[in-house]
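This report describes the strand pairing, domain layout and chain contact of the model shown below.

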Amino acid sequence: MKPDPQQKISLKNKKVLVVDDFFNFRLTLKNMLRSFGVMYLDDVATGEEAIGKMSVRRYDIILCDYNLGQGKSGQQVLEEGKFRDYIHYSTIFIIVTAENTLEMIMGAAEYQPDDYLMKPFPKELLEKKLKHLMEKKENLTDIEKALAVNNYAQAISLCDDLIAKSPRNLSEIMKLKGEILLKNGAYYEAAEFYDKILLMGNVAWAALGRGKTCLMTGQYPEAKNIFEGIIAKNDKIMSAYDYLAKTLLKMNNPVDAQTVLMKATTISPHAILRQKNLGDIAYRNEDYSIAETAYKSAVKQGEHSCYKSPGDYTNLAKSIIHGDNPEEGLNVLARARKVFPEDNEAGLNITITESYVYKKLNRDNEARSAMTAVQKIVEDLAGNIPVDLKLEMARAYIINGDYKKGTEIIKHVVQDNHDNNEMLDNVRMVFRETGMEDSGRKIIEDSRQEIIRLNNEGVKLAADGKLTEAIAYFERAAARLPENKIINANAAQILMRFMKEKGVSEQSLNNVKTYLDRVRKIDETFKDLPMLLAMYNELAPED
Amino acid sequence: MTVKMDFSDILASTLHDTKNSLGLLFNNLEDIIANCREQNCPSHVEFYNLQYEIKRLNNSLIRLLSLYKAEKSQLAINIDYHSIRDILEDVSIQHEALLNARGIKIETDCDPALFWALDRSLIAGVLDNVINNSFRYTKEKVKISSSVESGYLVMRIEDDGAGYPPSMLFNEKNNPKFKKGIDFQTGSTGLGIYFSEMVSAMHVKNEKNGFISIVNGGTLNGGVFSIYIP
């Protein structure tokens, strides 16, 4: 007889959370768990309480009902738990359902739980499932520890050790290894790894990963082929649509990107991020009715979601004013104010949009007084304004007749994003909408040229061998333009070249890291990023 | 004006409904059995028979729905790299209680290091079907095993019953396409085999398709069902 490995697994030290709106069912479930030896046991009735509990205690096992009544659904608890990093790779999350709606839930889910359980179930089944999953997950804790301190090299080598041993959760570990490689910018290694898996069979997540390596390294036609291939084989793999749309945007084809996302939202409408994305692209394509529908679902789905944002409301309001009933836009904004009462940034966004909507309704006085309110919030925020809000603000100033303030803001946005075609497109759209297409073109071009000149001067210094001057030059430029990708990338590169020749200093390494973090934050698909990260890893001491 | 619905769609949605009711029925019965067992009432064995029939019905419906989806080109294949032992053990856990109640032992035999790229739920559906059938014909023992044979993964279900009737036998050497007709004498619809064949053939690698074989003999000297995945 073979020893049963499950005998060794104990639930005694596991922290378990039970989420169900029915007291009696929580009681039944708790009794079952106690009979398996579980000692740390919490239970709550709503998704909101569940998130609250998860924020103060790290659970090993979460059993969550799907239909929790009014608030968050079980799926949203899973989504938010992952989003807030309360649920890790090693956490066991099981969704419990009363009705047999499994197929519906599974079809739409972006985040998969580790398992589903149909109510009612015998306690033997629960015990077997838990022990099975625990055996599977046990080996992930060390990898997680390495990831928590950003030690990617060790995480990868732990994955390799495990893969060599063929554990039950081999696929999960391979998937994790691929994700770590991608996150670390090791795109060529990742591509090779995914190719090897694809030799064994047509595994969708591996094809998806392979496609991402193409997207990240600028091989857009190849990426497009791969993502289309995945969808052709299985049209329910939703993230393939998202990445295909991303690729099409990179290929300057927003119309096809919109079509792809429209198809995806028909198959799986309950995905808030995709609806937002579709809204943005449709709005850019001036397809306002599609944008309106998409933002409407985003607002509705956002109600209990961690992805709720004021932008969904303001975008909806902006889409609505192009339709038959523009006044409705003001109602949407009034609702937004109620939903985000304390949030300054939200307040700014809503007030800017209010001004825009009033202006479009020819209520000029109200539009102008909204801009006075905007001015005040901007002062309160002391410069911390996200770039999309800056553009909104510029647009609002311009249509209210304050060209100087508007174009001044736009100049800064262009200088920060002089090589970002998507952002420049957004800027062009602002000019187009405000009837300033021609003068706008000149403003964009001049601001771009200024940065290109600035950058080239620094590059020339470096090329002439004046490395110290080049470093000082780029340091100043990066301080002036912290949001500019190229300037920060070049600042990092020059500094690293210097260290390669003259030796490493901790101070400079820290600066490089700051620059690279900025670059990654601005555009994680920047084509030079893998090269820069590789350079950095070479210089940085192993820890 | 009413739009005329496609009859197959009506059928499919009704099937769905029926399947959901069966699921509830099955679970309620599970509770009753558990209560029964606690109170030592002898009829819980009878209930197992009920549960078995529900399971059979449920399996048939799932199969039908899969076939419907395949017909409508909605059946997507979802390949991942799976531990084969895991799949076999999962299937065996599902049936253990029912089989044991009939005095039948179920045994799995698989190298823990065996992994293969396949659609887990489709394959599990095939195995479920076959094991559920063996419930009727097996005397004492069912064995599920798996191994690699000339580049194919083979999953095999053997029993110690009287074996399959000659009309159902077919194998890779002598592989007559299964006649899709209902045999009113035996009551066999042949859907089970049709479904298994379809699932095996959906697995394609390097231009090789999967296939199934049904023979008699094997290590338990009964029926032997095998599914081959490239």
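Which residue is the bridge partner of Cys64(A) in β4(A)? The bridge partner is Ile95(A).

## Basis of the description

The model is predicted, so local features are reported at pLDDT of at least 70 and side-chain atom pairs at pLDDT 80 or more, while totals for chains, interfaces and linings use all residues. Residues are numbered from 1 along each chain as its sequence is written, and chains are lettered from A and ligands numbered from 1 in the order in which they are written.

## The parallel sheet of chain A

Chain A holds an open sheet of five strands in the order β2-β1-β3-β4-β5, with parallel pairing. Strands are DSSP runs of E with at least two residues, helices are runs of H or I with at least four, and both are numbered from the N terminus. Two strands pair if DSSP finds at least two bridges between them. At the edges stand β2 (40-44) and β5 of chain A; each has a single partner strand, so one side of each is left without a neighbour in the sheet. Neighbouring strands are turned by 20° against each other on average, direction ignored.

Strand β3 (residues 61-65) and strand β4 (residues 92-97) of chain A run parallel and are joined by five bridges. Besides the pair named at the outset, Ile62(A) has Phe93(A) as its bridge partner in β4(A). Between β3(A) and β4(A) the chain passes through helix α3 (residues 74-83) of chain A in a right-handed β-α-β crossover, that is, clockwise from the first strand over the helix to the second when the strands point away from the viewer.

## A helix across the strands

Helix α5 (residues 123-137) of chain A lies across β3, β4 and β5 of chain A and runs at about 175° to β5(A). Axes are lines fitted to C-alpha atoms, for helices over the stretch in contact, and angles run from 0 to 180 degrees between N-to-C directions.

## Domains and chain contact

An automatic or database assignment divides chain A into domain 1 (9-137), domain 2 (149-264) and domain 3 (465-539). The centres of domain 1 and domain 3 of chain A, taken over C-alpha atoms, are separated by 45 Å.

The contact between chains, counted where C-beta atoms placed from the backbone lie within 7 Å, takes 21 residues from chain A and 20 residues from chain B. On the side of chain A that touches chain B, α8 (170-183) and α9 (187-200) of chain A each supply at least two residues, and α8(A) gives the most, with three residues.

Note on methods
Contact = placed C-beta atoms within 7 Å.
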